[in-house]
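Please keep the sequence and the three-dimensional view at hand while reading.

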Amino acid sequence: MANLRLSNVAKTYGGKVEVLKNINLDIQQGELIVFVGPSGCGKSTLLRMVAGLEKITDGVLEIDGMVVNDVPPSQRGIAMVFQSYALYPHMTVRENMSFALKLAKKSRSEIDQAVMHAAKILQLEDYLDRLPKALSGGQRQRVAIGRSIVRDPKVYLFDEPLSNLDASLRVATRLEIAQLKETMPDSTMIYVTHDQVEAMTLASRIVVLANKGIAQVGTPIELYERPENEFVAQFIGSPAMNLRAGVIVGAGKQTVVDLDGGGQVVSDAPSREADLGAKVNVGIRPEDFQPTDADSYAYQGRVAITEDLGEVTLLYFEAPIGEPAVICKIQGSHPDMRGKSQKLMADPSKVQVFLEGRSLHYQN
Ligand SMILES: Nc1ncnc2c1ncn2[C@@H]1O[C@H](COP(=O)(O)OP(=O)(O)OP(=O)(O)O)[C@@H](O)[C@H]1O
């Protein structure tokens, strides 16, 4: 089980396509780190560099204090689980799981013990003599995970392991991975996903990649409650955080912003006298907007569309063409809100203020 350190790691393909640069990241033993970011931002590339499947163009990768840039994948003590499972179709579950150990010339009894141990953790004991084609997608992915467990690697790498599964199997397999991590608290895992819920529920820390670098690293709740910049604010959370332009009219321990188009908000983000008059973007999550009848409000508009999900209702407000609609998420079923004019406000602790794209929480 291992600690990893990436220092100024960079990747350029073919000498000219720069995909990642200045990646600095410390991963402690026992962490489950999730890489998220927009399509093409380099999540898989970074994972593959850790695995040794992709050459590191610049910088240093250390595993347990040892530089491994030039160490071949098979000697890094790493196991990778792919989206496509990559099982051998002509081998049974037992044979698939034994394969790497046979190659490593382990004894029969060692192999049997390791396979039974993994099969037990993954509840695959009843399927050991089946071929992959006789398994469901979720079971196949469990075999793929089992194949890595038997090798007792220092680091587990998961590249979108659930994205081939349908919605309900995804949920079930996500819970299994969470349980798996519980049974192996000392194992270090890195997990790439597009799925917000997977990132929020599985990660000990999330790494948000964007613009060739790291936009923020933090626990899921840190990223949700204290996004460092507008990119992370809008990337984490669904529907995305509302961003409204405005001007700072009150500075101090709290910041007061007059919003373009009327409305005013108070934020617990601190600001300085020098910030008075500065143009900012205010961020409020849909779930933090509350309907109000009070004289003071942050936003006022007419509800254009409602999405009533029973448990919650999403209100989409009318917006000029080309501008994003303000979205508000309210508890319960509200079929009657469409067409209604409504004011919204938000608690100061839930209001983010971004000056030149960076949160005031991190500037003052
Ligand atoms: N062998 C290659 N040669 C040139 N460019 C490549 C190569 N492999 C990947 N890229 C480019 O590197 C960038 C990052 O790709 P990568 O697959 O790491 O992104 P990703 O964040 O995992 O994307 P996705 O979420 O869509 O899977 C992309 O722009 C991709 O086109």
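## The nonpolar core

In the largest nonpolar core, which has 89 residues, the members that touch the most others are Val34, Phe35, Val50, Leu157, Ile190 and Val208. Strand β3 (residues 32-36) is the greatest contributor to this core, giving five residues. Both domain 1 (4-234) and domain 2 (240-362) supply at least three residues each to the core. The model described here is a predicted one. In soluble globular proteins, nonpolar side chains tend to be buried together.

Which residues does Leu157 contact, leaving aside its neighbours within four places in sequence? Leu157 is in contact with Leu47, Val50, Ala51, Ile78, Met80 and Ile190. Two of these partners, Val50 and Ile190, are also listed among the core members that touch the most others.

## The two domains

The protein is divided into domain 1, residues 4-234, and domain 2, residues 240-362. Their C-alpha centres lie 38 Å apart. To the contact between them, domain 1 gives seven residues and domain 2 gives 12 residues. On the side of domain 1 that touches domain 2, two residues are nonpolar, two are polar and three are charged.

## The four-stranded sheet

An open sheet is formed by four strands in the order β2-β1-β4-β5, with antiparallel pairing. Strands β2 and β5 (66-67) stand at the edges with a single partner strand each, so one side of each has no neighbour in the sheet.

Strand β1 (residues 4-13) and strand β2 (residues 17-27) run antiparallel and are joined by seven bridges. Within this pair, Thr12 has Glu18 of β2 as its bridge partner. The two strands form a hairpin with three residues between them, and Gly14 in the turn has a positive phi of about 60°. Strand β1 also pairs with strand β4 (residues 58-63), in the antiparallel sense and over five bridges. Here Ala10 stands opposite Asp58 in β4.

## The six-stranded sheet

A further open sheet has six strands in the order β13-β12-β11-β14-β20-β21, and its pairing is antiparallel. Its edge strands are β13 (264-267) and β21 (358-359), each of which pairs on one side only.

Inside this order, strand β11 (residues 242-250) and strand β14 (residues 279-284) run antiparallel and are joined by six bridges. One of the pairings is that of Asn242 with Ile284 in β14.

## A parallel pair of strands

Strand β6 (residues 78-82) is mostly covered, with four of its five residues buried. In which sense do β6 and strand β7 (residues 155-159) pair, parallel or antiparallel? The two strands pair in the parallel sense, over five bridges. Val81 has Phe158 in β7 as its bridge partner.

## Surroundings of the ligand

The ligand is surrounded by 13 residues, of which the closest are Tyr13, Ser39, Lys43, Ser44 and Thr45. The elements that give two or more residues to this shell are β2 and α1 (43-51). Helix α1 provides the largest share, three residues. By class, the shell has four nonpolar, eight polar and one charged residues.

## Helix α2 and its cover

In helix α2 (residues 93-103), the buried residues are Val93, Arg94, Asn96, Met97, Ser98 and Leu101. The elements that cover these buried residues include α3 (108-121) and α4 (137-149). An α-helix has 3.6 residues a turn, so residues three or four places apart point the same way. After α2 comes Lys105, which has a positive phi near 60°.

## Ala210 in strand β9

Ala210 belongs to strand β9 (residues 205-210). Is Ala210 buried or partly exposed? Ala210 is partly exposed, because 17 other C-beta atoms lie within 10 Å, whereas a buried residue would have 20 or more.

Not counting residues up to four places away in sequence, Ala210 touches Gly37, Pro38, Cys41, Ala215 and Phe231. Ala210 and Glu54 are 156 residues apart along the chain, and 19 Å separates their C-alpha atoms.

Notes
Residues numbered from 1 in each chain as written. Predicted model: local features only at pLDDT ≥ 70, side-chain atom pairs only at ≥ 80, totals over all residues. Buried ≥ 20, exposed ≤ 12 C-beta atoms within 10 Å, placed from the backbone. Contact = placed C-beta atoms within 7 Å. Domains from an automatic or database assignment. Nonpolar A, V, L, I, M, F, W, Y, C, P; charged D, E, K, R; others polar. Pairing = 2+ DSSP bridges. Near = placed C-beta within 6 Å. Core = buried A, V, L, I, M, F, W, Y, C linked by C-beta atoms within 7 Å.
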